[in-house]
Amino acid sequence: MKGDPEERALAVGRYLVRSGATVRAAAGVFGVSKSTIWKDQARLQRLNPGLWQEVRQVLLKNKAERHLRGGEATRCKYLHRAARPPGARR
């Protein structure tokens, strides 16, 4: 869903509040980058401050729990690299 940035910001905000998803997960669902999700949150602050406060709480909770995931994305990245045959390029 790329479309209108303001509509996307509202949709992403509602999704984050409803699901409690991370920025990375929301980016995957909406087919945009993590940077776009963050820019949408800046738009959301202007468009709908009440929804933005709810989203902010979800993102702060995710940030506080980040250490519990223990760098899962990085771990997967290096496990994938180790599985390649010697001399293979990316």
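This is a predicted model: local features need pLDDT of at least 70, side-chain atom pairs count only at pLDDT 80 or more; totals for chains, interfaces and linings use all residues.
The protein contains five helices and zero strands, and its elements run α-α-α-α-α from the N terminus on. Of its 90 residues, 27% count as buried. Among the contacts between residues at least 6 apart in sequence, 57% join residues at least 24 apart.

Helix 1 covers residues 5–19. With 15 residues, helix 1 reaches 21 Å from its first C-alpha to its last, close to the 21 Å expected at 1.5 Å a residue. The buried residues of helix 1 are R8, A9, A11, V12, G13, Y15 and L16. In an α-helix there are 3.6 residues a turn, so residues three or four places apart point the same way. Helix 1 is followed by G20, which has a positive phi, near 70°.

Helix 2 spans residues 23–30. The axes of helix 1 and helix 2 come within 11 Å and cross at roughly 130°. Because angles of 65 to 115 degrees count as roughly perpendicular and those over 145 as roughly antiparallel, this pair is classed as oblique. The crossing of helix 1 past helix 2 is right-handed. On the side of helix 1, the contact is made by A11, V12, Y15 and L16, and on the side of helix 2 by A26, V29 and F30. By class, the residues of this contact comprise seven nonpolar, no polar and no charged.

Helix 3 comprises residues 34–47. Its axis and that of helix 2 come within 8 Å, with a crossing angle of roughly 100°; helix 2 and helix 3 are therefore roughly perpendicular to each other. V23, R24, A26 and A27 of helix 2 make this contact with K34, I37 and W38 of helix 3. Five of the contact residues are nonpolar, none is polar and two are charged. A26 of helix 2 also takes part in the contact with helix 1.

Helix 1 and helix 3 pack at about 95°, their axes 8 Å apart, and are therefore also roughly perpendicular to each other. From helix 1, the residues involved are P5, E6, R8, A9, L10, V12, G13 and L16. Their partners in helix 3 are T36, I37, D40, Q41, R43, L44, R46 and L47. The contact of helix 1 with helix 3 has eight nonpolar, three polar and five charged residues.

Terms used
Residues are numbered from 1 along each chain as its sequence is written. Side-chain values use heavy atoms; hydrogens and water are left out. Axes are lines fitted to C-alpha atoms, for helices over the stretch in contact, and angles run from 0 to 180 degrees between N-to-C directions. Helices (H or I, at least four residues) and strands (E, at least two) are DSSP runs, numbered from the N terminus. Angles under 35 degrees count as roughly parallel, over 145 as roughly antiparallel, 65 to 115 as roughly perpendicular and the rest as oblique. A crossing is left-handed if the near helix is turned anticlockwise from the far one by less than a right angle, and right-handed if clockwise. Contact means heavy atoms within 4.5 Å. Ala, Val, Leu, Ile, Met, Phe, Trp, Tyr, Cys and Pro count as nonpolar, Asp, Glu, Lys and Arg as charged, and the others, Gly among them, as polar. The expected span of a helix is 1.5 Å times one less than its number of residues. Buried means under 20% relative accessible area, exposed over 50%, partly exposed in between (1.4 Å probe, protein chains only).
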